[in-house]
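Me: I'd like to go through this one feature by feature. Could you give me the general idea each time, then the case here?

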Amino acid sequence: MNGHLQADELLMIVAIACYVFGALALFAYFFSREAWLRNLGVPLAVVGCVAQFAQLFVRWELTGIWPLLNLYGSLSLFAAMSVAIYIGMAWRYKAWYAGGFVLALAAIALAYGVTWNEGTMPAVPSLQSYWAKIHVPIVVSSYAAFLVAFVFSVIYLIKYYAEARVAATVSKVELAGTGMTMSVRGDTPALATAAANGNPLAQWLETLPPLAQLDVIVYRAVAIGLPLISIGIITGAAWAKEAWGAYWQWDPKETAALCTWIVYLAYMHLHTRNSWRGLRTNWVSVLGFFLVIFTYLGVNIWISGLHSYKV
Amino acid sequence: MVQKLDNYYADFVRTFGNVLFAVSLFVVWGILTLIGVIVDQGKDPSIYFASYPAPIARAILRLSFDNIYHSPWYVGIVALILTSLTVCTFKRVIPARLPPLRPIKIDKIPLHASIDVTGDERTVRERLEGFFRARGWQLRKRAFDGTEWTFADKHNWARRGVLVAHIGFVIIAAGTTLYWARGFSGETVVVTGQSVQIPQTKAILHLNNFAYTITPVLTKGGMVYQPTDYVSKVTVTGKDGVPKPMTVRVNHPIDVDGTLYYQASYGFAMRFAITHNGKEVPALSQRVLLEGQSFDVPGTRLSVSYDRFVPTVDRVSGMPSADPRVNDPAVVLSVSDAGQQAGSALVPLHTWVDLGGGWRLVPSRYLLYSGFQYRYDPGIPLVGIGALVLVAGLLISFYFLPARLYARVDPAPGGRWTVGLAATTVKGYDMFESQFRGIISEFSSEHAGEAS
């Protein structure tokens, strides 16, 4: 088993190394837009992600114990899913510039998870359930989607405040050929003017997508996370009913997850309002992610309850 | 009077039908829930005074934050949310489901485009309709003031997503209410070889045997004694009067006449051999005490409490060991005299304690007991259905974007025609921008400037 665990730890080291170097490359890409940095960082992200899923599989296969029953395993899946969701969204929206943030957070989560690695432990009776294979991955994946939403919200806020005095949001773009005009919600004219005048910050800001597009990416990420956390809470309730006799016991973890769900539900409702869509909803997304961290780690570590499975 | 009532009703609908009001209720709900996470629930008041400064502890108790989920605040906010949800459903969600077909000012819509197309009007219209039909858009035509408009809708059915989610929420609430109205739950403890009757169902539960498994694991942090199994072998007599042997495990409850029984806890009951002047006192010796129970010594002011069972005593230190397996068992006893604590001691099994006045006590035998939770919840199917409906509503709302395209064809100079297109969606314009770009790009590449 030692040999197996060495393989497991080796894959973990590969993943962390890929994330650290990938984060550096993609952070540099975020600021410079040098294509070779993206071409270096993205494969590192993919390799790190694959190494992590392989690590989880190897651990499960060789110990026979579902690897997500402790913080070490679940943080590992959290990091892997964050990177996987990021890769999917970046591919869909050409948003590779956000990779440095995601990979850095994934590396931090992994490094923190390693500190909880106590080796192989059999599961306590309440965790010996098929629900562990359903509920835990779903909830952890929802947290990962919220991490991606958080990262894009942060980029949105960076861009928004850098453009603080620019108000207009609609510019007319004349499309070449065909005599066709089309309205495009793009960057502010002031930003374009400043960039044309050689302002380096404005030139850099212009390399980021328009705020409206960033906001759509955040919405899409939350639209992955919110159904997942809803299903996660429901499957958790079903499991709780089977294990403890009640589908809802107001356990701190349950209620913290409910609180997180409420915040993202508020986000979705606010996003239907033109006056709230954008700056305010992105702040709600940031707040929501802090609550995710509290739900995920804070409750397990600081508050005792039915979910206090630390090691 | 009627006018006044109408005004109140209008105010009520305006307030409770407002999305920002609903979100404000969410915020309060979230804050109350978070308080419940941070403040320990259902503890003795002294715990709060020990954990917080006195003013905060008093506030926690006065505001019912020690039992927040059953407080008037919490129940009230959930009731307000349900009211808001109902009003929003009837006043906003259902009316918005099928917006009427009406003309618009195309260039006032942020997502709009105009494309010059050659050919006669009829063929231009046919090409426009054919383009959208081929892409799954549902077309309708209407004339307004002599101008013909073409309306193209996609995922119109998905406008019901929010309605479906709201209905799911209401079904969950109904299921929960059904449990409050007709369900029950409780806990019971059965000592090995004994029986209990469940008051609500009259079912009889006899514990034949309880066993637990502890697996010692050497971790990086030291030895951990991990519990890996709890099993109760029981004989249950339900409504049919036929005793049936059953096994209860964690995650594997048993169903007796619709009531579920769950493995919840276990512990060690004790029998004490009690003698007075060398003679056994059967009335006391036959009693079985659970941890935390006590008995009075007859004719004295003494009371003996069986505080807890210690499975293994460390032979070197003589103190309780971390090993939860039964090796060298002992019990922690405390004695009080006229209600005052007189002392406590760790007493190994089969050793005696002199209580004075000729009284002696020997912890003679331990018996495992099993704790069960039982619950009858007729609302479970509704809650399950509601949960599925809620998730379906969320998925419909998030992944299918209902959009409407408005198109009109106007004559342009040079025998050409201008196709004006605009798009609206239920989620604003940004969400549809890239798709709109794609549509315009495809249409213009296929038809712009094309001769009929």
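Me: Let's start with the open sheet in chain B: what is the order of its four strands?

Reply: Strands, like helices, are DSSP runs numbered from the N terminus (E, at least two residues, for strands; H or I, at least four, for helices). Two strands pair if DSSP finds at least two bridges between them. Here the order is β13-β14-β15-β16 in chain B, with antiparallel pairing. The edges are β13 (294-296) and β16 (340-348) of chain B, each pairing on one side only. From one strand to the next, the twist averages 20°, with axes being lines fitted to C-alpha atoms (for helices, over the stretch in contact) and angles running from 0 to 180 degrees between N-to-C directions.

Me: Over how many bridges do β15 and β16 of chain B pair?

Reply: Eight, in the antiparallel sense, with β15 spanning residues 330-337 of chain B. B:Val335 sits opposite B:Gly343 of β16(B).

Me: How should I trust and number all this?

Reply: It's a predicted model: local features need pLDDT of at least 70, side-chain atom pairs count only at pLDDT 80 or more, and totals for chains, interfaces and linings use all residues. Residues are numbered from 1 along each chain as its sequence is written, while chains are lettered from A and ligands numbered from 1 in the order in which they are written.

Me: Is B:Asp145 buried or exposed?

Reply: Buried takes 20 or more other C-beta atoms within 10 Å of the residue's own, exposed 12 or fewer, partly exposed in between, with C-beta atoms placed from the backbone. B:Asp145 counts as exposed because it has 5 C-beta neighbours inside 10 Å. B:Asp145 lies in the loop between β2 (138-144) and β3 (147-154) of chain B.
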